[in-house]
Amino acid sequence: MSIEVTNVTKKYGDFYALDDVSVSLPTGQLTALLGPSGGGKSTLLRIIAGLDTADSGSVAIEGTNATKLPPQKRNVGFVFQHYAVFKHMTVAKNVAFGLEIRKTPKAEVKRRVGELLELVHLSQFADRLPSQLSGGQRQRMALARALAVEPSVLLLDEPFGALDAKVRKELREWLRRLHDEVHVTTVFVTHDQEEAMEVADEIVVINQGRVEQVGSPDQLYDEPANDFVMGFLGEVTRLGPVRLRPHDIEVATTPGRAGTFPGTVTRLLRVGFEVRLQVELEDVSRDGRSATSSTTGVGAAPVSVVLPRSHARSLDLELGSRVWLTAAVGAVTVPAMVPAVVAV
Amino acid sequence: MVEVSTPVKWLLRVLAIGYVFFLVAWPVTTIVRQAFADGLGTFVEIFSDEQAVNALTLTVQVAVQAVLINLVFGVGISLLLVRYEFPGKRVLSALVDLPMAVSPVVVGLSLLLVYNGRDGWFGEHLEKWGVQIIFSGTGMIMATCFVALPLVIREVVPVLTEIGDDQEQAARSLGANARQTFWRITLPSIKWAVVYGVVLSLARSLGEFGAVKIVSGNVANQTQTATLLVEKQYQSFDQAGAYATSFVLAFVSVLCIVVVSILRPKEHH
């Protein structure tokens with residue numbers, strides 16, 4: 001295990017940013033710390049880097065206890081959300097910084113900087129100032145700068161958070177490819193579940209200062225440990241007694257087998273290749289008093305359903321259509337204990 | 001920008017220019033005119049008069065030392081105020097502004113009370129150890145430091161706040177220790193604020209009068225600075241000399257500010 005975090009607690013006044021967190025991050029992998037804003041994931045990353053100190057608990061990096069080490073002795077590379085470029089230095093000087101601090105011979109520095117700029121596709125910008133680069137280029141420069149010192153772990157704090165959607169997507173793919181080339185143990189913080197699932201080998205879901213679940217993207221998506229993880233990794237809706245993903249609901253225009261829920265389409269929205277429906281369920285119970293809304297879902301928020309456009313077209317769905325909903329076979333479901341909330 | 005009608009625009013311009021003209025430009029030009037009334041003769045006289053040369057030299061010595069001290073402490077206190085949380089931070093911040101609010105004469109008097117050799121709180125003991133503060137260069141430097149204290153800090157603090165500590169943290173994570181981070185990252189980022197603060201302090205220190213007058217004792221050729229000399233010349237009806245000395249003082253200060261605004265990079269506001 002490359003990074004071993006044991007019983008780390010960090011408080012800001014009465015607020016627990018991290019509450020007794022223990023997690024091990026494997027060597028050579030790309031791990032995402034995923035969670036909502038203010039959930040403690042950045043704090044954990046900063047404690048691993050030594051930029052913040054834990055109130056209690058310990059951090060070990062590559063087998064050495066780093067709890068008391070200052071950041072410059074931990075041999076970690078850190079990439080900040082807002083790049084933290086050295087504004088008064090050229091791109092090449094920025095990348096060379098860590099090497100010059102380590103008193104690397106000049107020729108060696110020059111060679112390494114050349115290699116790294118090649119790696120992040122910034123060779124032609126070596127003599128520019130950071131202010132002449134775009135956001136994506138600055139972040140790539142910051143990454144090269146962090147990699148220059150050959151860190152044992154690379155930590156990225158919401159590295160693409162300040163970039164626009166398109167650049168973000170490009171950089172994400174690029175990061176994945178870079179990692180496959182360089183193989184340095186990498187941990188990155190994100191609040192974007194799509195980013196985490198697309199890039200990471202392993203995801204640690206952190207919420208309210210606690211680790212909710214650790215696992216591969218597939219594990220987390222298919223076997224969420226709890227309501228929160230399920231809700232955070234994708235949209236969740238409620239069909240009768242269970243909560244499940246909107247695309248795991250089968251829609252039929254005729255009453256099929258028992259256990260289907262009849263309803264009416266109250267909203268129909270086409271987004272690209274998919275169609276999003278809102279279905280208002282009808283009260284199916286024969287005897288209105290025995291069926292409470294918690295078992296049938298009647299009276300709760302309408303059910304969200306997502307289906308491919310071709311499928312929606314073949315069913316000839318439109319506003320006001322009467323439909324019967326069933327949970328798909330093998331769908332991931334959790335019992336709905338609380339009134340269904342539309343996932344964010 | 002809000003559109004203003006032409007007459008209003010002109011009225012505002014005339015008001016602003018008139019205000020600055022009558023308050024600053026006109027009186028300063030008078031000094032220049034008076035100083036050059038007899039051609040360069042008065043200047044030759046000043047630079048050959050031992051008392052005047054001594055006064056100017058002393059002024060420069062005191063000002064330079066005070067500025068150096070203020071530079072070190074100013075940058076230090078700025079870092080303390082911006083980068084660290086500690087009890088009493090707001091008190092310190094308020095104290096830093098105090099010299100702006102208090103009259104330099106009061107500053108001089110308070111230093112006199114604490115450090116004089118006869119009944120000062122520290123002065124008596126210091127005098128026993130052979131350290132004289134009042135009526136000596138030390139006291140004059142202290143008074144000048146006090147008066148110019150906020151100038152560096154008030155220039156540097158906003159810049160430090162604006163750049164944040166991201167770059168410093170990045171430097172630390174790349175292996176730089178505190179000293180390397182300061183010299184390679186923090187100082188280059190605040191360079192122009194520091195330079196500007198130093199120039200303002202230098203200009204202020206050269207012209208300091210009230211505080212220095214009280215602590216120096218105003219002994220000709222020993223503790224008489226240029227500003228004190230101007231006063232003495234003026235009072236003893238040597239008006240040409242007073243104007244010429246004033247001109248030298250004003251000229252050096254203006255020169256400092258001009259040089260800096262030329263050196264300062266254009267994109268920096």
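Guide: Before we start, one term: two residues are in contact if their C-beta atoms, placed from the backbone, lie within 7 Å. This is a predicted model, where local features need pLDDT of at least 70, side-chain atom pairs count only at pLDDT 80 or more, and totals for chains, interfaces and linings use all residues. Residues are numbered from 1 along each chain as its sequence is written, while chains are lettered from A and ligands numbered from 1 in the order in which they are written.

Visitor: OK. What share of the contacts in chain B join residues at least 24 apart?

Guide: It's 74%, counting contacts between residues at least 6 apart in sequence.

Visitor: And how many helices and strands are in chain B?

Guide: Chain B has 12 helices and 0 strands. Helices (H or I, at least four residues) and strands (E, at least two) are DSSP runs, numbered from the N terminus. The C-alpha atoms of chain B fill a box of roughly 70 × 65 × 30 Å along the principal axes.

Visitor: What percentage of chain B counts as buried?

Guide: 36% of its 269 residues. Buried means 20 or more other C-beta atoms within 10 Å of the residue's own, exposed means 12 or fewer, and partly exposed is in between, with C-beta atoms placed from the backbone.

Visitor: Where is confidence lowest in chain B, and where is it highest?

Guide: Helix 6 (residues 123-128) of chain B is lowest, with a mean of 76, and helix 3 (residues 50-83) of chain B is highest, at 92. That's pLDDT, the predictor's confidence in each residue, from 0 to 100. Chain B averages 87, and 98% of the residues score at least 70. For the complex, the predictor gives an ipTM of 0.75 and a pTM of 0.77.

Visitor: Strand 6 of chain A, then. Which residues are on one side and which on the other?

Guide: A:Val76 and A:Phe78 are on one side, A:Gly77 and A:Val79 on the other, and all are buried. In a regular strand the side chains alternate between the two faces of the sheet.

Visitor: What order do the strands take in the open sheet of 6 strands?

Guide: The order is 6-7-8-3-9-10 in chain A, with mixed pairing. Two strands pair if DSSP finds at least two bridges between them. Strand 6 and strand 10 (210-215) of chain A are the edge strands, each pairing on one side only.

Visitor: What about the open sheet of 4 strands?

Guide: That one has the order 2-1-4-5 in chain A, with antiparallel pairing. Strand 2 (15-25) and strand 5 (64-65) of chain A each have a single partner strand, so one side of each is left without a neighbour in the sheet. Strand 1 (residues 3-12) and strand 2 of chain A are joined by 7 bridges, and A:Lys10 has A:Leu18 as its bridge partner. Helix 1 of chain A packs on this sheet, touching strand 1, strand 2 and strand 4 (56-61) of chain A.

Visitor: Changing topic: where is A:Glu158?

Guide: In the loop between strand 7 and helix 5 (165-182) of chain A. Most residues other than glycine have a negative phi.

Visitor: And is A:Glu158 buried or exposed?

Guide: A:Glu158 is buried, with 21 other C-beta atoms within 10 Å. A:Asp316 also has a positive phi, about 60°, but A:Asp316 counts as exposed, with 8 C-beta neighbours inside 10 Å. You'll find A:Asp316 in the loop between helix 10 (309-315) and strand 17 (322-327) of chain A.

Conventions. Axes fitted to C-alpha atoms, helices over the stretch in contact; angles between N-to-C directions.
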